Amino acid sequence: MNRSLCKQAVLLATLSFALAATAEKAPAQARKNVTIVYAGLSGNQAPGWVAYEAGFFRKYGLDVQLVHVVGGPRAVQVLTSGSAVAAQVSGLPIIQSNLQGGDVVFIAGILNTLNYQFIVDKNIQKPDDLKGKAVAVSRAGSSSDFATRFALDKYGLIPGKDVSFLEIGSQPDRFAALESGKIQGVMLEVPLTLKAKKLGFRVLADLQMLGLEYQATGIAVTRAMIKSNPDLIRSIMKAYAEAIHYYKTHPKESIAILQKYLKTDDMEALKETYEAIGLTLIPEKPYPTLRGVQMMLSEIGAKDPKAQAAKPEQFVDLSFVKELDGFIDGLYKARPAVASAEGAKPAPATVKEKVAAAKPAPAAPEKAKSAPVAKASPPQGSKSEAQEYIIQPGDTLSHLAKRYYGDMLKWPKIYEANKQTVKNPHYIYIGQKLLIPGDA
């Protein structure tokens, strides 16, 4: 066992010891045996792993068997067979099962967008540069195909006409096609995006910037289980809510858990996964996204008439998250519910500061490059002075107006100053230069 993995084992063992007292609040004899399945090995699945490793399932009276199954359809089969109480799974198989008469529904949303970034050739500076070029997807109708078409449409490009599509298969294969110059654009997920950026490829957009809501990962149960044992569902949801809070506020321990389940010793990739998904995309209050479900229904509806007539509310039950609204607010106002693995008292540090402390010390240029909060620092210069700004991941004109003027509603001021280069105020792209006019 190498040194890093030894550290991981020690950290997780210490974590388990620190949490034992909390977990024992629910007597062992009173705990319910529960199986929960998860259908992927990515950062999207982390809340379930954290709930298990950090003892939150045990805290709420559950002896959980956490089981990995390959593929969303199979996870849904296990769920509907009664072999599992809950499944951490993507939206598409849940919707398809429901349309075919199944009674599965989402009770929580863990990832309510696709965590793709649109990676392009080094010579692509703006969306229009993709005209006449080729992009890769895994296959027609896949999530990568949907995400690519969604992005191109937002930038005013016509898929199949302005930009050609090649079906290439897995993400590593699609990335290899980008490296070889066979294609000029591809949707990639963290942490492969990190490798792409290291090689000099550009991030043109991320899907959250473009406002895409999509039920990429959620927690699903059957309506029969909700009816027969609602208290069990409440316990599961409380464990997940605390796990998400712990995940966001305990970076060192959480990264160690990611390291165990993702089976990688690449700390930089783990950090990228933690920050890009855990801190940025996983919501504090895990509501499923009705708009995201509707987006998927529209996608399926092209081939399935049942989807055209369906309503998003058929596929979700919001009641359990709603019950936890105040509980979750309390988690983020109070000190952490579980002590850290080091046994130290919770420090008044921000999540950003904790993340920085958990990082291995990178070279100075890389640290500056990857700092995700640099754009949030106070603007320099007088408010009356015009300034240049380069769009970063997650930016919107409203956010920039709030940052520079203290008022989100002043975004048209920025748009008017950049009309020649900003075709649509809602869809700016990473790397785009804007003039921020003064607010005299």
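Buried means under 20% relative accessible area, exposed over 50% and partly exposed in between, with a 1.4 Å probe and protein chains only. By that criterion eight of the eight residues of strand β4 (residues 104–111) are buried, so β4 is largely enclosed by the rest of the structure. The model is predicted: local features need pLDDT of at least 70, side-chain atom pairs count only at pLDDT 80 or more, and totals for chains, interfaces and linings use all residues. Residues are numbered from 1 along each chain as its sequence is written, and side-chain values use heavy atoms, with hydrogens and water left out. Helices (H or I, at least four residues) and strands (E, at least two) are DSSP runs, numbered from the N terminus.

**The sheet**

Strand β4 belongs to an open sheet of five strands with mixed pairing, in the order β2-β1-β3-β10-β4. β2 (62–68) and β4 stand at the edges, each with a single partner strand, so one side of each has no neighbour in the sheet. Direction ignored, neighbouring strands of this sheet are turned by 25° against each other on average. Two strands pair if DSSP finds at least two bridges between them. Two pairings are listed below.

| Strands | Sense | Bridges | Partner residues |
|---|---|---|---|
| β4 (residues 104–111) and β10 (residues 217–222) | antiparallel | six | A108 and I219 |

Helix α5 (residues 91–99) lies across β3, β4 and β10 and runs at about 165° to β4. Contact means heavy atoms within 4.5 Å. Axes are lines fitted to C-alpha atoms, for helices over the stretch in contact, and angles run from 0 to 180 degrees between N-to-C directions.

**Helix α10**

Helix α10 (residues 230–249) contains T249, which counts as buried because its relative accessibility is 12%. T249 is 30 residues from L279 in sequence, with a C-alpha to C-alpha distance of 9.0 Å.

α10 packs with helix α16 (residues 325–333) at an angle of about 25°, their axes 10 Å apart. The two are therefore roughly parallel, a term for angles under 35 degrees; over 145 is roughly antiparallel, 65 to 115 roughly perpendicular and the rest oblique. K238, A241, E242, I244, H245 and K248 in α10 meet F327, I328, L331 and Y332 in α16. By class, this contact has six nonpolar, one polar and three charged residues. Ala, Val, Leu, Ile, Met, Phe, Trp, Tyr, Cys and Pro count as nonpolar, Asp, Glu, Lys and Arg as charged, and the others, Gly among them, as polar.
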